[in-house]
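Here is a short tour of a structure, written to be read with the coordinates open beside you. Take a moment to get oriented in the viewer, and then we can walk through it together.

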There are 2 protein chains.
Amino acid sequence: MAVLVGGQSPVSGPLIVPQPQQMTFGTQTLQLNPLKFQIYCPSKSPVLASAIKRYSDLFFLYGNGAPSTAPAAILNIKVISNSDSLYLGVSENHTISLVAAYSLLITADTVYGAIRALETVSQIIQYDFVTQRYTIPNTPISITDYPRFPWRGIMIDTARHFVPASYLMHTIDALAANKMNTLHWHITDGQSFPASSVTYPNLTMGAWAPEAVFSVDDIKEVVAYGKSLGVRVVPEFDIPSHTYSWAAAFPTIMANCPDYTYSYGQLPMSIANYLTYEVITNLFTEMSGYFLDTYFHTGGDEVPYGCWKEDPQVAEWMNLNGYTPTLAEQFFEDQVTSILAKVNRTKIVWNDPFVDGVKLDPSTLIQVWDSSFQDIVNAGFEVIVSFDYYLDEQVPTGNLHWMFEDTWSDFYAADPYNGITSNTNKILGGEACMWSEQVNHLSMDVRVWPRAIGVAERLWSAQTQTDVNNALTRIGPQTCRMSQRGIASGPLFPDFCMLPDDFESYLQQPRMRLSKEQINTFLNNN
Amino acid sequence: MAVLVGGQSPVSGPLIVPQPQQMTFGTQTLQLNPLKFQIYCPSKSPVLASAIKRYSDLFFLYGNGAPSTAPAAILNIKVISNSDSLYLGVSENHTISLVAAYSLLITADTVYGAIRALETVSQIIQYDFVTQRYTIPNTPISITDYPRFPWRGIMIDTARHFVPASYLMHTIDALAANKMNTLHWHITDGQSFPASSVTYPNLTMGAWAPEAVFSVDDIKEVVAYGKSLGVRVVPEFDIPSHTYSWAAAFPTIMANCPDYTYSYGQLPMSIANYLTYEVITNLFTEMSGYFLDTYFHTGGDEVPYGCWKEDPQVAEWMNLNGYTPTLAEQFFEDQVTSILAKVNRTKIVWNDPFVDGVKLDPSTLIQVWDSSFQDIVNAGFEVIVSFDYYLDEQVPTGNLHWMFEDTWSDFYAADPYNGITSNTNKILGGEACMWSEQVNHLSMDVRVWPRAIGVAERLWSAQTQTDVNNALTRIGPQTCRMSQRGIASGPLFPDFCMLPDDFESYLQQPRMRLSKEQINTFLNNN
């Protein structure tokens with residue numbers, strides 16, 4: 001076979017994505033016998049038990065291979081806290097050491113640190129298709145790893161195009177493969193309302209079709225599936241704009257502004273209607289029972305003030321209260337903060353209300369899609385950064401490329417600290433955003449990956465990890481590894497990726513479904 | 001269900017892609033009963049019989065639906081010539097009429113015209129997911145259709161990344177869905193040599209891996225599969241450059257130029273080595289036995305003259321013959337033309353030799369990837385146009401877009417006549433090119449479609465068919481239809497596409513495999 005590599009500068013040592021914070025390695029190769037590979041973990045955590053089962057498969061993706069005379073190997077997993085509680089900032093720190101031959105050790109503060117370590121172990125185990133043997137090269141290995149930012153996510157928009165719950169779980173697999181820990185589920189928008197509610201079953205009249213709906217069980221399964229891999233699932237119900245889909249069930253909670261119906265996707269609610277707040281209160285209260293995370297995103301973007309001015313009822317209400325549109329928006333945002341506070345949820349909004357001049361509650365977390373957010377962190381708000389991380393965009397940062405996928409390097413270069421000179425401690429991390437106007441679950445893998453791998457490493461690895469060639473050399477194997485697991489992450493340079501026979505079973509599908517018992521256990525144990 | 005369309009300007013009448021040349025339609029709706037739908041075709045053509053079987057399934061993709069009281073309907077197919085011979089310029093003209101209720105009539109000069117008509121019929125049959133009934137709206141319908149250009153294709157590069165033969169057949173399904181008729185198979189390049197040869201079995205030592213190889217049977221099956229849908233499969237073996245992969249089997253046929261090995265992908269052959277011509281002769285003679293088409297692409301692009309000057313043997317040979325590099329290239333091209341003439345093949349090359357100043361044989365067909373080709377048609381050469389149709393490019397024509405997929409409109413706007421003021425009759429058509437540096441078969445559907453639909457319509461429909469909004473309204477249903485058939489063509493605007501339960505079986509897979517008997521019949525009957 002001709003040796004035909006992609007022409008990239010080689011990286012020595014284990015090719016891990018994201019690049020670990022600290023790593024030492026040697027030059028020996030450990031032979032592994034899949035039939036004599038044991039995992040020992042005294043933890044009673046049901047989440048960790050599920051993850052160990054999953055990774056036992058991923059370690060040996062090609063079955064037992066050729067008969068091996070290698071001795072037994074053991075992977076010991078030591079976790080300090082056995083709590084399954086998953087929340088922003090839960091420790092993901094871990095160490096991995098393979099110093100004595102055939103004895104691997106993972107240590108971690110939490111089960112979620114152990115899950116991140118298992119992903120790394122899955123990346124250092126190599127399979128040789130010619131000899132059909134598994135090895136760990138570059139031993140002895142010692143890794144100490146931890147994330148740079150606690151919030152590392154992907155936003156998926158299920159409103160412009162519906163994607164099945166199974167696809168969201170598939171995406172959680174992909175997030176975990178890149179040590180990302182947050183799925184921001186932009187569940188509703190002007191175009192459709194796919195979330196089932198027991199309180200308001202008619203809301204899904206605003207779905208694209210009866211088949212384009214998430215049942216309550218779907219939502220619970222996605223949240224539990226996220227937890228099984230240490231991925232927080234944060235819902236977004238975008239209000240007060242982008243709510244036209246709510247009108248199918250509740251026509252009167254929409255503002256009445258015929259001049260603005262051309263932008264129906266963005267049409268806002270009537271904020272002078274009592275029913276508006278009643279629906280929001282009851283819906284968000286119900287949903288906070290399904291979404292475990294303490295953060296709850298309420299959008300808040302792109303309010304067309306002109307619509308409120310045109311609606312006679314809203315205009316009269318603003319006039320009687322002496323509200324400018326900005327003050328009216330502030331009234332609305334304050335109401336939403338209070339509604340969420342009653343169910344112990346912290347509000348997230350896009351940066352629009354801040355830019356509009358709304359004085360937001362100091363507890364508000366602000367997701368930034370505008371380029372400039374120095375004034376937001378200076379005002380004391382914590383932020384998550386999505387500027388430069390829009391996966392739907394043609395050219396993220398105005399750079400020009402010959403080839404489509406070279407935009408990955410723009411994402412990679414976009415550090416959350418770029419342009420921020422003070423209060424960088426307010427930056428909790430970032431999210432790559434997959435707005436779905438031009439993508440559905442058939443095409444989404446390819447649009448998200450491998451480009452979002454660049455975001456994953458940017459948010460996990462050290463700030464100094466900026467060498468594009470080094471990253472490319474590691475992302476090559478990573479995108480192949482993801483493909484081998486059934487995630488259609490395309491290549492960035494010419495190469496060959498050998499796929500297992502069953503990879504097609506996992507295209508657009510989750511790797512491992514949870515049992516009903518696991519779903520209940522995971523949800524009831526946070 | 002809320003009515004939430006994509007906000008595009010509506011098009012009245014049947015939504016067919018590519019837009020037919022002539023069509024009249026009415027306002028009635030014909031109910032169809034799949035259990036009482038007969039196709040009557042007196043033709044004995046095995047190709048047409050295969051296509052009728054395929055389209056019988058595609059007409060009724062959702063099974064029998066709800067019980068229907070609609071009377072029996074019949075589709076009569078009348079073909080003037082029953083010849084299965086497939087070649088450039090074979091008539092694809094056809095008419096479709098549904099004037100008397102329940103009686104559809106297709107007339108065509110050839111079986112390939114009938115196949116195009118069957119695709120149109122599959123597009124006018126609608127399935128209602130609520131009533132579970134099939135209908136043909138807009139009757140009576142009368143269509144007279146024919147292509148603007150005889151050469152309408154896609155180029156797929158199987159060298160930068162290997163794609164399985166099954167994926168090429170899947171792509172042929174997609175071509176036929178858009179009435180494209182040519183698969184240009186860029187089979188080898190510097191990075192890999194995946195084509196098996198009986199004469200030179202060692203050539204596949206230059207493949208990425210033993211698994212990344214097309215067997216002779218694979219090649220025959222792809223060619224036969226193409227024929228089953230009226231798609232000519234034209235091979236490209238790119239010489240004299242882009243041939244580094246040949247060196248795994250034949251090191252001495254490569255030029256020896258150490259200063260140029262950095263661009264190994266582009267490294268040229270030694271044109272002063274007798275073995276070079278011997279290998280080309282025997283390989284092309286063998287391959288012309290598998291590829292039925294009379295056109296044979298030999299690349300000819302990007303010859304680095306400096307390499308020939310650096311190679312002592314080539315330099316001496318050029319010197320002794322008084323050859324400049326251009327004259328040496330001309331000598332080589334003349335040899336290749338002669339080699340192909342002996343097996344009745346017409347050579348195609350990229351426009352590079354012409355631009356280099358090589359005097360090409362007048363029979364040569366030139367594929368244009370440079371923007372200016374007025375002088376090429378003025379010199380009397382026939383051309384196929386690929387400028388503006390590069391699917392791997394970020395921004396095809398220097399236009400800027402917010403969203404990735406909006407590049408489709410650049411392809412749509414790029415008429416082959418653009419900038420050409422005389423000898424437009426020399427333009428045979430065009431090809432959208434999927435160079436595969438950053439794409440493999442897991443990600444290729446999404447990269448090619450729906451953008452190449454724009455090219456398909458540009459090359460089939462009337463030159464005056466340029467309304468982007470009109471096209472978008474039709475491409476919406478078309479991209480959904482392709483997805484329903486298992487071709488991952490993403491959406492261009494927010495909408496919902498209901499997928500049949502079995503669509504996943506066809507992801508990256510051909511719709512219908514041919515039997516060995518069919519393959520032999522189709523290949524032996526041209």
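Predicted model: local features only at pLDDT ≥ 70, side-chain atom pairs only at ≥ 80, totals over all residues.

Strand 15 (residues 427–434) of chain A pairs with strand 8 of chain A in the parallel sense, over six bridges. Further along, A:M155 has A:C433 of strand 15 of chain A as its bridge partner.

Strand 15 of chain A also pairs with strand 14 (residues 382–385) of chain A, where three bridges join the two and the strands run parallel. Here A:V385 has A:G430 of strand 15 of chain A as its bridge partner. How many residues of strand 15 of chain A are buried? Eight of its eight residues are, and the strand is mostly covered.

## Strand 8, covered on both faces

Now turn to strand 8 (residues 151–157) of chain A, where seven of the seven residues are buried, so this strand is largely enclosed by the rest of the structure. In a regular strand, side chains alternate between the two faces of the sheet. For strand 8 of chain A, one side carries A:W151, A:G153, A:M155 and A:D157, while the other carries A:R152, A:I154 and A:I156, and all of these are buried. Both faces of strand 8 of chain A are therefore covered, as a residue counts as buried if 20 or more other C-beta atoms lie within 10 Å of its own.

Strand 8 of chain A has a further parallel neighbour in strand 9 (residues 182–188) of chain A, and five bridges link this pair. One of the facing pairs is A:D157 with A:H186, the latter in strand 9 of chain A.

## The chain as a whole

Stepping back, chain A has 15 helices and 15 strands. Its radius of gyration is 24 Å, close to the 24 Å that the globule rule gives for 526 residues, so chain A is as compact as a globular protein of that length. Along its principal axes, the C-alpha trace of chain A spans about 85 × 50 × 40 Å.

Buried residues make up 52% of the 526 residues in chain A. Of the contacts in chain A with a separation of 6 or more, 74% come from residues 24 or more positions apart.

## Backbone details worth a look

One joins B:T139 and B:P140, with omega about -5 degrees, and B:P140 lies in strand 7 (residues 133–145) of chain B. Another joins B:I239 and B:P240, with omega about 0 degrees. B:P240 belongs to the loop between strand 10 (232–239) and helix 5 (274–287) of chain B.

Positive phi values can be inspected too. A:H242 has a positive phi of about 55 degrees although it is not a glycine, and this residue sits in the loop between strand 10 (232–239) and helix 5 (274–287) of chain A. Is A:H242 buried or exposed? A:H242 is buried, with 28 other C-beta atoms within 10 Å. B:E302, also a residue other than glycine, has a positive phi near 55 degrees. B:E302 is placed in the loop between strand 11 (295–299) and helix 6 (305–310) of chain B, and with 16 C-beta neighbours inside 10 Å it counts as partly exposed.

## How the two chains meet

Finally, look at the contact between the chains. Chain A contributes 42 residues and chain B contributes 42 residues. By class, the side of chain A that touches chain B has 24 nonpolar, twelve polar and six charged residues.

How are the copies arranged? Chain A is superposed on chain B by a rotation of 180 degrees with 0.0 Å of shift along its axis, at an RMSD of 0.0 Å. The two copies are thus related as by a two-fold rotation axis. Of the interface residues of chain A, 100% are also interface residues in chain B, so the copies meet through the same surface.

Methods. Residues numbered from 1 in each chain as written. Chains lettered and ligands numbered in written order. Contact = placed C-beta atoms within 7 Å. Nonpolar A, V, L, I, M, F, W, Y, C, P; charged D, E, K, R; others polar. Least-squares fit on C-alpha atoms with pLDDT ≥ 70 in both. Buried ≥ 20, exposed ≤ 12 C-beta atoms within 10 Å, placed from the backbone. Helix = DSSP H or I, 4+ residues; strand = E, 2+ residues; numbered from the N terminus. Pairing = 2+ DSSP bridges. Rg over C-alpha atoms; globule rule 2.2 N^0.38 Å.
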